[in-house]
Amino acid sequence: MSVRAQWLWPLAILVVGVAGCSVSRPQVSVEQPETSFTSQKTFGESLPDRMPTRRQEDLPDLTKDSPLSAYLEYAALNNPALREASQEWKAALERVPQVEALPDPRFSLGYLIQEIETRVGPQEWRAGLKQTFPWFGKLDLKGDMVALRAQAAWQRFHAEKLHLFHRVKKAYAEYFYLSRAIEVTRKHRDLVEYLEEVARTQYRTGIAPHSAVIKAQVERGKLEDRLASLKDLKDARAARLNAALGRRADAPLPWPVTLSQERVKIRSEKLMAQLRESNPRLKALRRNVERAESAVDLAELRYYPDITAGLSYMYTDSAIMSGVDDSGKDPILATLSINLPLWWDAYRAGEREKLSRLRSARRKLEDRTRKLEAELELAAYGVQDARRKINLYGDSLIPQARESLEATRASFKAGDADILALLDAERMLLEFRLERERAVADHLQSVAKLEMLVGRRMDAKEKSEPDDAGQGGGPGQTGSGD
């Protein structure tokens with residue numbers, strides 16, 4: 001073996017080692033900057049570069065005075081489903097540079113076990129380098145498809161965020177309603193206990209019959225049973241809200257004190273337009289349609305060949321005979337090759353497959369649009385119905401029931417009415433107060449459903465501070481109409 005051939009294999013090992021080092025993956029930092037998720041941009045199309053880091057010290061404290069926005073911020077920072085959707089989106093982004101890159105070049109190295117003697121000298125080994133170039137437009141289409149997949153993943157993340165906020169608001173409203181129901185029921189129970197004592201006193205003095213005492217006891221028993229059921233429901237309602245916040249089911253959770261109300265504009269045509277334009281699930285499906293269209297274009301390019309360019313170097317030792325021209329000259333060979341796309345039946349089948357998937361994606365988008373439009377109509381009805389009930393009970397029925405109760409009390413003191421009429425008036429006021437509290441919670445839930453469907457915050461027509469007819473806190477607080 002010649003002197004130059006002796007360092008052939010060490011050189012090959014060195015080339016492979018250097019190549020291996022050059023393509024090793026860099027370490028990706030997992031540290032992420034903080035991002036706000038509860039501002040107005042929460043419902044927009046702002047795309048954060050990274051999800052916020054979940055650190056316990058960054059989570060807001062949830063106290064009895066915490067507004068609903070604090071709960072939303074806590075959920076955005078801590079909910080595992082939202083973080084999972086974020087990771088899916090970031091993983092989809094990393095696919096883009098992978099598919100847009102050229103195929104890896106191929107380096108070959110060969111050694112002639114038996115040297116080939118030529119005029120200019122024996123050929124001992126050779127090295128070659130080849131690079132394949134896909135047909136014009138193939139890489140761009142592949143990149144577009146993956147980029148559209150990443151955009152769809154982002155829209156699914158955005159949809160998951162809106163769905164999470166809807167879950168938090170719904171659970172928060174139910175938890176608030178439970179606190180108000182307990183408070184209102186307890187106050188009515190206390191009043192019925194007082195009326196029972198009055199009935200006992202009147203019975204002992206012969207003013208009222210024994211049936212009045214029995215009626216008061218029955219009414220008190222019914223209220224105590226309702227109150228016990230409401231209290232037993234607290235852990236379940238708290239667990240539901242904790243689940244949306246990404247916390248343990250038994251994590252302590254204070255009673256919410258207030259539930260702000262916003263009167264929103266309900267315009268069906270505008271809401272429908274916003275749904276079609278801004279709903280993230282529809283946007284994700286539209287990205288899927290565009291990706292299917294690119295897949296059809298890519299299938300059509302399968303009829304065109306890929307081009308491979310190469311360069312080969314042949315090491316040649318010095319000629320045995322002296323005085324030979326070009327002795328030991330190493331030849332260099334440039335090559336160009338293409339693959340032959342001959343299996344047209346397979347390519348046509350691929351086109352038909354992609355066309356079928358495109359039609360399927362379009363039908364799925366159309367079907368989802370119709371379903372979401374129906375949900376939007378129902379949610380808009382829920383907002384209007386809840387607002388109507390809030391106004392009806394707060395402005396009309398509760399004041400009238402209160403006047404009726406006061407009039408019955410006056411008649412009872414004057415001896416013109418019995419305790420049964422007083423209990424009926426008290427029961428009616430209780431039911432009206434609970435119905436109004438239910439309507440307040442339903443209103444927040446319906447507005448949250450609308451926001452989830454249209455992908456943005458609703459325009460507030462009027463923002464009112466909590467009033468004494470519809471707001472209040474948990475047990476021990478003064479609340480609606482008490």
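Is Arg 362 buried, exposed or partly exposed, and what is its relative accessibility? In this predicted model, Arg 362 has a relative accessibility of 38% and therefore counts as partly exposed.

Arg 362 forms a salt bridge with Glu 293, and the closest N and O atoms of the pair are 3.2 Å apart. Glu 293 belongs to helix H10 (residues 280-300) and Arg 362 to helix H11 (residues 344-414), so the contact ties together parts that are 69 residues apart in sequence. Glu 293 is also partly exposed, at a relative accessible area of 31%.

An α-helix has 3.6 residues a turn, so residues three or four places apart point the same way.

Asp 367 has a relative accessible area of 40% and is partly exposed. For Lys 371 the relative accessibility is 48%; because exposed means over 50%, this residue counts as partly exposed.

Helix H12 comprises 36 residues (residues 419-454). At 1.5 Å a residue it should span 52 Å, and its end C-alpha atoms are 53 Å apart, which agrees. Gly 455 follows H12 and has a positive phi, near 75°.

Of the 36 residues of H12, 27 are buried, so the helix is largely enclosed by the rest of the structure.

Asp 424 and Arg 427 both lie in H12, three residues apart, or about one turn of the helix. They form a salt bridge, with the closest N and O atoms 2.7 Å apart. Asp 424 is partly exposed at 42% relative accessibility, and Arg 427 is partly exposed with a relative accessible area of 28%.

## Salt bridges in the whole structure

How many salt bridges does a search of the whole structure find? The search finds 31. Side chains of opposite charge can pair when their charged atoms come close.

Some residues take part in a linked arrangement: Glu 174, Arg 237, Arg 438 and Asp 442 are joined in a network of salt bridges.

Note on methods: Residues are numbered from 1 along each chain as its sequence is written. This is a predicted model: local features need pLDDT of at least 70, side-chain atom pairs count only at pLDDT 80 or more; totals for chains, interfaces and linings use all residues. Side-chain values use heavy atoms; hydrogens and water are left out. Helices (H or I, at least four residues) and strands (E, at least two) are DSSP runs, numbered from the N terminus. The expected span of a helix is 1.5 Å times one less than its number of residues. Buried means under 20% relative accessible area, exposed over 50%, partly exposed in between (1.4 Å probe, protein chains only). A salt bridge is a side-chain nitrogen of Lys or Arg within 4 Å of a carboxyl oxygen of Asp or Glu.
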